[in-house]
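Visitor: Hi, could you walk me through this structure? I'd like to hop between topics as we go.

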Amino acid sequence: MNRSRRRTASRVFRGSNRPRRSGQNRPHETPMPQPQDNIVGLPFEKPIIRLQRQIADLETEQIKTGRDYASEIRQFRAQYVSLLRKTYQSLSPWETVQVARHPQRPLSRDYIGLIVKNFVELHGDRRFADDKAIVGGLGRIGTEKVLLLAQQKGRDTKEKLAHNFGMAQPEGYRKALRLMKLAEKFRLPVVTLIDTPGAYPGIGSEERGVAEAIARNLLEMSRLRTPIVCVVIGEGGSGGALGVAVGDKVAMLEFAYYSVISPEGCASILWRTGEKAPEAAEALKLTASHLKSLGIVDEAIPEPLGGAHRNPSETAHNLERYIVRTLRELRRLETDELLARRYESWRDKGKVLEPQPAEPAAAAK
Amino acid sequence: MAEETTQSEEITTPYDVAKLAPPPRKKRDVPDGLWMRCPGCEAMLYRKTVAENLDVCPECGEHFRVGGRRRIEQLADTGSFEELFTDVAPADPLEFHWSGKSYAERLSKEQKDTGETESMLTGAAYIKGRRVALGVMAGDFLMGSMGSVLGEKLTRLIEYATREHLPLVVVCISGGARMHEGALSLMQMGKTSAALARYDDAGGLYIAVLTDPTTGGTTASFAMLGDVIIAEPKALIGFAGPRVIANTIKAELPEGFQRAEFLLEKGFVDMIVPRHELRSEIARLIDYFQA
Ligand SMILES: [Zn+2]
C-alpha cells in the first residue's frame, strides 16, 4: 500500500495516554536524534518518558549554551535503556494490552509497506461490498509469493472510519474466503495479519450473517489445500480475529494479545465494572507467552526494545523472518500431510480433565 | 410445513430484544410448584400439562427453554440415548478467579446444581427409528457456554459420526464462549469447525437445531455450519448480543431482530420447526439425504 504513510505513524502523539504531570509534560519542541522521539508514553512509562525528556533537555541545552553534557547524556541514555528493558521484560497483561493498542503501534499497512514487495490489492467479496477492515492482495515477502490478508485499523480518524477501526463485517470475512480459495487454486500460501478489537457488532452485520461468515471461514481454512500462516500483530479480538486465524501455524508478536473477550468486556460482566479491566486481563491469560504455554500459539515473535512502536522496521524484519522461515518449512510438506498436521494441531487445542486409562493406581484418586 | 400454528400475535417473550430493560419478573406471585405463569401470554399453566406439551405453552405456543436431559427425552426415541464421552470433565487451566470467586468453585457448584459435568451431552440415539449421533447443549450449565469440554466432546462426536457414517444432529443453546477458559474457549470454534470439515468431506449429513438463545462463538462456528439449519420459533440467534449492538450503534433495534423468523427472512436458517414437529422433520430430512 502507501509506503510514505508509515511516517505519519510517528506523528500521532496527541493521544489521551500522554502522561500529564505538573505541567512540565509538554511534547518535545526540539528533534531528538533517537528513535524514541515523539513516542506517546503509556501510563506505566512515566519514569521512562521523564528520562527521555531529560536527555532531550540536556541536548537542547548543549546546543544553546555550547557547554558539554556528553557524559551526563551518556549516563542518562544508559539509564533509559536499562529502565526500558526492565519495564518491558515484566509487563503485566494489562500493560501488554496497552502496548498492543498503542496509538503508534505499527499497523498491517505499515508492515505491508516495509516487507511486502509489489503488493497488489484485490477488492470485494463479489456479493455485497468491499470491506476495508480486511485488506487482501498478492505480494512477495522475502522470496515467497503470498496471498496476504491483513486486518486494518487505520491511523488517523479519517482512516479509522474508512477501515471501521479494524472491525470487519460479513463482507470482510467473505472477501477473505474468496481470496483464500483463489490462493488455493494457484497454490499460493496464505499469510494473515490479525489486528482487530472484534467483528463489528451492528445491525447490518447481523442481518448479513457475520456469524455464518466467520463459521464458514473456520471450516474452510481448516481444509484449505495450501499453507496458512497467521500472525496476531496487535489485538486478537475474539471471533473477529479467529475468522482469519485458523492456520498451520499461528504466531503472535511479543506484545500482542489474543482473547476470547476484551478485558473491559470481561470485567464488566464478571466484576460488573469495566474499571477492573487490568484484573480481567490478568485472569484471561491473553499474552503471547501465556498462550504459547497453553498451546494456542506456536511462537512469540520478539519485538524490539520498548515495543514495536519504538522500532517498526526492526519489528517488520522479525515478522518477515518468521513468515519466510515458516513458509519454507510448510512448503516441504505434501498437501495431505500439511492438512493432517493442521487438523491435529487444532484437534489438540483445549484443556480437559480425563481419568487415566483404567489402571487401579490412577483410578484411586 | 407447519400447518398447526400455535402462536398468537401478542407474544412478547421475556427475552424480547426490543425492550432492553430487564423484563418484569412476574414469577414472584406464582408459588413454585404445580403452577407456572407463561411469560408469553401470562396464562396460568399447570406444570404437568406444560411438561406433557414438550414445554410449549398450550395457550400461546411459547417455546420455553429446555434443559439438556429433557431435550434428549423429547427428541430421541424413548430410552435410545447411549451417552458417550462422559468422562471428559472440565479443568481450570487458567486458574481463573474474579472478585473473590473462582472458576473451579463455580464449576463444582454448577455440577452439583445441574447434575451434569458440563454443558454438552453427546451420544448415539434413535430419532423415529433413525440412528444418529446426537449432541445436545445443556443451557442450564453455565448458560450453555462453550469451553474446552464442549469442544472436545463435540469434536469426538463428530469424529464418531464420521467413522460410523451416522447423521449428526446438534441442538444448540448457548450464551457463547466461556470467558473462564480464555482463548482456549475461543479455539473450540476452530476445533469443532475443523472436525465438521472432515465430516463434510466424508459426506456426512449435519442437522443443526438452534434454540433460544444461540449466540456468540457457538453461532459463529458449529451452529451456522449445518447442511440444514432448523430453528425453533422465536429463538434468539445471533453473534453479538442485542445489548452490545444497541450500545454500539446507540439506537433501538428493529422489532424481531435476531429472532428465528428474522434469520429465516434474511436467509440464514432453512426452516422454523415447532417443537412438536421436530422429531418428524429431522426423520424426514434424514430419509431424503440417506435413503
Ligand atoms: Zn403462553
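Guide: Happy to; we'll go from the overall picture to a few single residues. The model is predicted, so local features need pLDDT of at least 70 and side-chain atom pairs count only at pLDDT 80 or more, while totals for chains, interfaces and linings use all residues. Residues are numbered from 1 along each chain as its sequence is written, and chains are lettered from A and ligands numbered from 1 in the order in which they are written.

Visitor: How many helices and strands does chain A have?

Guide: Chain A has 15 helices and 9 strands. Helices (H or I, at least four residues) and strands (E, at least two) are DSSP runs, numbered from the N terminus.

Visitor: And what share of chain A is buried?

Guide: Of its 365 residues, 49% count as buried. A residue is buried if 20 or more other C-beta atoms lie within 10 Å of its own, exposed if 12 or fewer, and partly exposed in between, with C-beta atoms placed from the backbone. Among contacts in chain A with a separation of 6 or more, 72% are between residues 24 or more positions apart. Contact here is a matter of C-beta atoms, placed from the backbone, lying within 7 Å.

Visitor: Let's switch to where the chains meet. How many residues of chain B are in contact with chain A?

Guide: 52 residues of chain B are in contact with 45 residues of chain A. The largest share of the chain B side, 16 residues, comes from α5(B). That side divides into 30 nonpolar, 16 polar and 6 charged residues. For those classes, Ala, Val, Leu, Ile, Met, Phe, Trp, Tyr, Cys and Pro are nonpolar, Asp, Glu, Lys and Arg are charged, and the others, Gly among them, are polar.

Visitor: Which strand of chain A is joined to β4(B)?

Guide: Strand β9 of chain A (residues 352-353) is joined to β4(B) by 2 bridges, running antiparallel. Leu353(A) stands opposite Ala89(B) there. Strands pair if DSSP finds at least two bridges between them.

Visitor: Back to α5(B). How do α4(B) and α5(B) lie relative to each other, parallel or antiparallel?

Guide: Their axes come within 9 Å and cross at roughly 5°, so α4(B) and α5(B) are roughly parallel. The contact involves residues including Leu150(B) and Ile158(B) of α4(B), and Leu184(B) and Leu196(B) of α5(B). Its residues divide into 8 nonpolar, 6 polar and 3 charged. As for the geometry, axes are lines fitted to C-alpha atoms, for helices over the stretch in contact, and angles run from 0 to 180 degrees between N-to-C directions. Angles under 35 degrees count as roughly parallel, over 145 as roughly antiparallel, 65 to 115 as roughly perpendicular and the rest as oblique.

Visitor: Which residues touch the most other members of the largest nonpolar core?

Guide: Val231(A), Met252(A), Ala208(B) and Leu210(B) do, in a core of 164 residues. α5(B) supplies the largest share of this core, 10 residues. A nonpolar core is a set of buried Ala, Val, Leu, Ile, Met, Phe, Trp, Tyr and Cys residues joined through C-beta atoms within 7 Å. Beyond four places in sequence, the contacts of Ala208(B) include Val170(B), Phe222(B) and Ile230(B).

Visitor: What about Leu253(A), buried or exposed?

Guide: Leu253(A) counts as buried because there are 28 C-beta neighbours inside 10 Å. Leu253(A) is found in strand β6 of chain A (residues 249-253), and among its contacts beyond four places in sequence are Val231(A), Ile301(A) and Thr315(A).

Visitor: Now β7(B). Why is that strand called largely enclosed?

Guide: Because 6 of its 8 residues (120-127) are buried. β7(B) pairs with β8(B) (residues 130-137) in the antiparallel sense over 8 bridges, with Met120(B) opposite Met137(B). The two form a hairpin with 2 residues between them, and Lys128(B) in the turn has a positive phi of about 50°. Strand β3 of chain B (residues 82-83) is also joined to β7(B), antiparallel, by 2 bridges; Glu83(B) has Gly123(B) as its bridge partner.

Visitor: Last one: where is the cis peptide bond around Pro213(B)?

Guide: The bond from Asp212(B) to Pro213(B) is cis, with omega near -10°. Pro213(B) has its place in strand β10 of chain B (residues 206-214). For another backbone feature, Asp55(B) has a positive phi of about 60° although it is not a glycine, and Asp55(B) is partly exposed, with 18 other C-beta atoms within 10 Å.

Definitions and conventions
Contact = placed C-beta atoms within 7 Å.
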